[in-house]
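Student: I have a structure open and some terms to check. Can we go through them one by one?

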Amino acid sequence: MPKTRTALGVLLAVVRSPATVWAAFLLVHLWLGLLNLYAPGLPLGDVTIVYKFWMDQATAADFWVGIDSVWVYPVVALVPMFAATLFGPGQYGSTWLTMVMLLDAVAFGFVTGWGRSRERTAVAWWWVAFLLLLGPIALGRIDSVTVPLALVGVTLIATRPQAAAVILAIATWVKVWPAALVGAALIALKDRWRILASVLVVSAVIVIVAVALGSGLNVFSFITQQTGRGVQVESPVATLWLWQALAGVPGAQVYYDNEILTYQVQGPGIEVAAALMTPLLGLAVLVVALLGVRATRAGASAGDLFPPLALALVTTLIAVNKVGSPQFIGWLAVPVVLGLATSASGHGRSFRFPASLALVIAALTQALYPYLYLELLYLNPLLLSVLTVRNILEFVLLGWAVLAVVRAPLQPGADDDPNESWLPSVWPFADRADAPRS
């Protein structure tokens, strides 16, 4: 028995070691990099074909999407896409993967507290597991740039709200979804006015620079480009038409949209569904936000409200959306890490259930994409079942988050002590003796 206990103690010490979790982080990124470069299904295709094509246009013909034409992404997305050209067009994919790994490494430092927060080790292991289960898509899209930026933002927001707001604003101008995190912060945190001011200043600077470069109204074109889309195959709302297509219902089928460059569904009533989904998404976001406002007015503390509200808003953007790209699942890492880190610091509610559910959703997503994606498009019944379960679990996760928001005022509110922060500082250059601001 003593030997067993000694061996278990050694194992736990190894697992809890910062060196071990960093080694796992590196190995997972190398594995995902290899999958992106060599796995079947062309997982890095958007990067090496679409992003590279846009940058080839920019360098060869001085034609910049988002500046000289409308674009589906906010204009700051040009920055990481252009950065991947640093070592030439032949190395575009490898440069992209290296850049994302470096961004993730910075975010990982913030998640782990730069070696100062032993309780964050379990949180770091969760993110490593999430990346591994989600698969190559975790690194192979523009979303993989916004996730580490957003992680840095939410881990800083309790102690350095203005710096966090600047980072989250920049992330939003790369891909819109981090706006959900900004919205949750404006509702749940006492520093909301400083956060709002920082976001508005950053946004104004970006718009002014883009207009000065000749974008005109193209700087806002990402808004209109998204609203006119059809219903994408992986979105929850598409599930009904996928099963209709499998059953042979006339007109129900999967097709490729050459303008948006993605697979969508069509069939009886799909035009009405596509038209209704955008206002429905807006309404769902508004309802969740109002629940957050209600919780704030009822006295919910920041540590109790902000993580579940962030999760609820982010999950709403995934579940109640006619676009359902697999990379969207990567967004879940940010609010879950926030919730786990807050709980690890002794504040807020337990995030074990949503963390476990997010791991399952990530694994089911990799089961669908990229290796067997063609089988899904061919309406393989097994893969349609996997997709259906995955989409249902998104609503289960949303339901948990909304319920947590509603119940937030009933939590103990441990972070009400003005001398104690609900999420301790992880600023790498701070003096260890510095007390974080509340």
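Student: How do you know that the span of helix α15 agrees with its number of residues?

Tutor: Keep in mind that this is a predicted model. Helix α15 covers residues 333-344, twelve residues. At 1.5 Å a residue, it should span 16 Å. Its end C-alpha atoms are 16 Å apart, so the two values agree.

Student: What makes α15 largely enclosed by the rest of the structure?

Tutor: Buried means under 20% relative accessible area. Ten of the twelve residues of α15 are buried, so the helix is largely enclosed. Among them are V336, V337, L338 and L340.

Student: Which helices cover those buried residues?

Tutor: The cover includes α5, α6, α7, α9, α14 and α16. Just after α15, G346 takes a positive phi of about 95°.

Student: Why is K175 called buried?

Tutor: The cut-off is under 20%. K175 has 11% relative accessibility, so it counts as buried. This lysine is found in the loop between α8 and α9. Beyond its neighbours within four places in sequence, K175 is in contact with residues including Y73, P74, F328 and W331.

Student: What makes the pair K175 and D143 a polar contact?

Tutor: The limit for N or O atoms is 3.5 Å. The side chains of K175 and D143 make their polar contact at 2.8 Å.

Student: How do you know that strands β2 and β3 pair?

Tutor: Pairing needs at least two bridges. Five bridges join β2 (residues 253-257) to β3 (residues 262-266), and the strands run antiparallel. In one of these bridges, V254 has V265 as its partner.

How values were computed
Residues numbered from 1 in each chain as written. Predicted model: local features only at pLDDT ≥ 70, side-chain atom pairs only at ≥ 80, totals over all residues. Heavy atoms only, no water. Helix = DSSP H or I, 4+ residues; strand = E, 2+ residues; numbered from the N terminus. Expected span 1.5 Å × (residues − 1). Buried < 20%, exposed > 50% of the residue type's maximum accessible area, 1.4 Å probe, protein only. Contact = heavy atoms within 4.5 Å. Polar contact = N/O pair within 3.5 Å; in protein donor to acceptor, adjacent residues only side chain to side chain.
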